Amino acid sequence: MTQFHIYDLKKNPEGLHFEESLDLKAELMQRNAEILDLSPVDVVGEIRFEAGFYFLNYQLSYQISMASSRSMTPVQWAESYPVMELFVENQALLKEKDLIDEDLVLIIEGDSIVLEDSVADNILLNLPAKVLTPEEATGQNMPSGEKSENIHSSQSQEHPCKPMIYIDK
């Protein structure tokens, strides 16, 4: 576990640079059952203390697999994005209350910032609401049933809808 103790950060005004490869597969699969697979997460960044705040900035990169929302076919893709987080110590709560209320600042629990917690939370926050295979995303391979069929909106003129009337007795 990669922890950054607040005392060490205060002693190093230039901050600390880090480069890690984190195995978070088991934890994230336990926290979200929709994740089928996750590669080791490469994290490169820095953390520093300045003017009462702890700045955690890093770039994370990984491969993830989830089931398609439409067909349940496994879909794998690569992700890479920057993360910027701002922390304060518990003693600073009263002074920075407005920033905390707006979720702009995170509160340090204990006496250290745990990199794995930040990375895992950010991966979960960045999961898509809808996962599609490349074919499904382009509108090909629409699902159908025995007596039903989904059609693309461009085909709707070929198959006009009959209005349905529901009468409540």
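Before you start clicking: the model is predicted, so local features need pLDDT of at least 70, side-chain atom pairs count only at pLDDT 80 or more, and totals for chains, interfaces and linings use all residues. Residues are numbered from 1 along each chain as its sequence is written, and side-chain values use heavy atoms, with hydrogens and water left out.

**Stop one: the rings**

A search of the whole structure turns up 5 aromatic pairs (rings of Phe, Tyr and Trp, the last by its six-membered ring, with centres within 6.5 Å; planes under 30 degrees apart are stacked, over 60 edge-to-face, the rest tilted). Select F4 and F18: their ring centres are 5.2 Å apart and the planes sit at 45 degrees, so call this pair tilted. F4 belongs to strand β1 (residues 3–5) and F18 to strand β2 (residues 16–22), 14 residues apart (strands are DSSP runs of E, at least two residues; helices are runs of H or I, at least four; both are numbered from the N terminus).

Colour by accessibility and F4 comes out buried at 7%, with F18 buried at 4% (buried is under 20% relative accessible area, exposed over 50%, partly exposed in between, with a 1.4 Å probe and protein chains only).

**Stop two: K10**

Now pick K10 and F49. The charged end of K10 sits over the F49 ring, 5.6 Å from its centre (NZ of Lys or CZ of Arg within 6 Å of the ring centre and within 35 degrees of the ring normal).

What does the side chain of K10 meet in a salt bridge? Show E89: the two are joined at 2.9 Å, N to O (a side-chain nitrogen of Lys or Arg within 4 Å of a carboxyl oxygen of Asp or Glu). K10 is in helix α1 (residues 6–11), while E89 is in the loop between β6 and α3 (97–101), 79 residues apart. K10 is partly exposed at 40%, whereas E89 is buried at 16%.

**Stop three: R48**

Select R48 with F55 and E50. The charged end of R48 sits over the ring of F55, 4.5 Å from its centre, and its side chain also forms a salt bridge with E50 (3.3 Å, N to O). E50 is partly exposed, at 42%.

**Last stop: the salt-bridge network**

Finish with E27, R31 and D121, which salt bridges with shared partners join into one network. In total, the structure holds 6 salt bridges.
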